[in-house]
Amino acid sequence: MVMDRKGILFVLSGPSGAGKGTVLKEVLQRVNGLAVSVSVTTRSPRPGEIDGVHYHFRTKDEFKQMVKNNEFLEHVSKFQNYYGTPKAHVEKLLNDGMDVILEIETKGAAKVRRANPDAVYIFITPSNYEELTRRLSCRGTESPEVCELRLKIAKTEYKSIKYYDYIAINDNLEECVNTVLSIIHAERNKRMRNQKLAENLIQLK
């Protein structure tokens, strides 16, 4: 859905284990006119991940050069790796009228918010901390030390909820996806985002 307006920037955040990636995947399959920004990372590809599709995989030296060149909308360090959102691609999409959604951490979202206060910020989380703990402990892909670190970071991330416009509870995937879809549809239909249509209707005689 490309309209005669600048695109809307949606920012999706939440702690590790909240299911952000799964929710985003479902949302992208069910809504038109929404582009996802592929992040740059210095971590190694996981099995099945494709460069340019899941992430742009770069060396730490390459990443640092991109930082020097001011190529990121935001960038953060996490678990001894770097993650960043390419700025030029996102800005082009928005200027072309395409809505864009970012799946980024709360620290990165804070940086985006300073430059894009009009973006829409959505926080994904299970309904309680106990459920988040259960999910992380059931992953089985990380050591207990890493799991404990993720839970500690989650407590810090939860303090950022007050800066988000919406909270989408992910206890049930379908319900969470529908919540995010409802937010996207509501934001797209705000009068302030459809000024030309509103003005044309107001001027009818």
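Let me begin with aspartate 96, which is found in the loop between α3 and β7; helices (H or I, at least four residues) and strands (E, at least two) are DSSP runs, numbered from the N terminus. This is a predicted model, in which local features need pLDDT of at least 70 and side-chain atom pairs count only at pLDDT 80 or more, while totals for chains, interfaces and linings use all residues. Residues are numbered from 1 along each chain as its sequence is written, and side-chain values use heavy atoms, with hydrogens and water left out.

From aspartate 96 to glycine 52 the separation is 44 residues in sequence and 21 Å in space, C-alpha to C-alpha.

Now α3 itself. Its buried residues are Lys87, Val90, Leu93 and Leu94. They cover an arc of only 140° around the axis, so they sit on the same side of α3; the arc is that of the directions from the helix axis to the C-beta atoms. Ala88, Lys92 and Asn95, on the other side of α3, are exposed. The cover over the buried residues of α3 includes β1, β2, β5 (72-78), β6 (81-86) and β7, where contact means heavy atoms within 4.5 Å.

Next, the cores. A nonpolar core is a set of buried Ala, Val, Leu, Ile, Met, Phe, Trp, Tyr and Cys residues joined through side-chain atoms within 4.5 Å. The largest one has 22 residues, and Leu9, Val11, Val90, Val100, Leu102 and Val112 have the most contacts inside it. At least two residues of this core come from each of β1 (9-13), α3 (87-95), β7 (99-103), α4 (106-115), β8, α5 (129-139) and α6. Which element supplies the largest share? That is α6, with 4 residues. A second, separate core has 20 residues, including Ala18, Val27, Val120 and Val177.

On to the aromatic rings. Rings of Phe, Tyr and Trp (its six-membered ring) pair if their centres lie within 6.5 Å; planes under 30 degrees apart count as stacked, over 60 as edge-to-face and the rest as tilted. By this rule there are 7 aromatic pairs. One of them joins tyrosine 121 and tyrosine 164, edge-to-face, at 6.2 Å centre to centre with 85° between the planes. Tyrosine 121 is in strand β8 (residues 120-125) and tyrosine 164 in the loop between α6 (144-158) and β9 (166-169), so this pair ties together parts 43 residues apart in sequence. Tyrosine 121 and tyrosine 164 are both buried. Phenylalanine 123 and tyrosine 164 are also edge-to-face, because their ring centres are 5.3 Å apart and their planes at 80°. Tyr121, Phe123, Tyr158 and Tyr164 form one aromatic cluster.

Last, α7. Helix α7 (residues 173-188) has 16 residues that should span 22 Å at 1.5 Å a residue, and its end C-alpha atoms are 23 Å apart, which agrees; the expected span is 1.5 Å times one less than the number of residues. Among its buried residues are Cys176, Val177, Val180 and Leu181. Seen down the axis, the buried residues of α7 fall within an arc of 155°, so they line one face of the helix.

Methods. Buried means under 20% relative accessible area, exposed over 50%, partly exposed in between (1.4 Å probe, protein chains only).
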